[in-house]
Amino acid sequence: MSATPAKTSAQVGTNVAVNGSVTGAPARCATHLQRLYGATQWRTVNSAKVRESVRFTLTATPSYKGRIPYRVQLPNCYRFVTAYSENFSITGL
């Protein structure tokens, strides 16, 4: 699974598209954009379904100034087990 933000920095409160794809996952499986709170707690901040093209688009909204870590989760779906994208950051300006 891969996920990449359209921008690596954005004004606080503005939306940033996060595009990605899931190799082999069936359409209609959910994906969850997660943000790191504190040192270890990941929380879901947005969700979307995988399209027929095996791609998805989620929206991240930086809520404070500074570097904000995100990742995308594909939870258990049909024969697929939970998977995560690599972590990435969006800097709030």
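**Exercise 1. Find the salt bridge and say which parts of the chain the pair ties together.**

Step 1. Locate the pair: the side chains of E52 and R28 meet in a salt bridge, 3.1 Å from N to O. The term requires a side-chain nitrogen of Lys or Arg within 4 Å of a carboxyl oxygen of Asp or Glu.

Step 2. E52 sits in the loop between strand 5 (41-49) and strand 6 (55-60), and R28 in the loop between strand 3 (16-21) and strand 4 (30-37), so the pair ties together parts 24 residues apart in sequence. Strands are DSSP runs of E, at least two residues, numbered from the N terminus.

Step 3. Count: the structure holds 1 salt bridge.

A note on the source: this is a predicted model, where local features need pLDDT of at least 70, side-chain atom pairs count only at pLDDT 80 or more, and totals for chains, interfaces and linings use all residues. Residues are numbered from 1 along each chain as its sequence is written, and side-chain values use heavy atoms, without hydrogens and water.

**Exercise 2. Decide whether E52 and R28 are buried or exposed, then do likewise for T31.**

Step 1. Recall the cut-offs: buried is under 20% relative accessible area, exposed over 50%, partly exposed in between (1.4 Å probe, protein chains only).

Step 2. Apply them. Both E52 and R28 are exposed. T31 has 0% relative accessibility, so T31 counts as buried.

Note on methods
Helix = DSSP H or I, 4+ residues; strand = E, 2+ residues; numbered from the N terminus.
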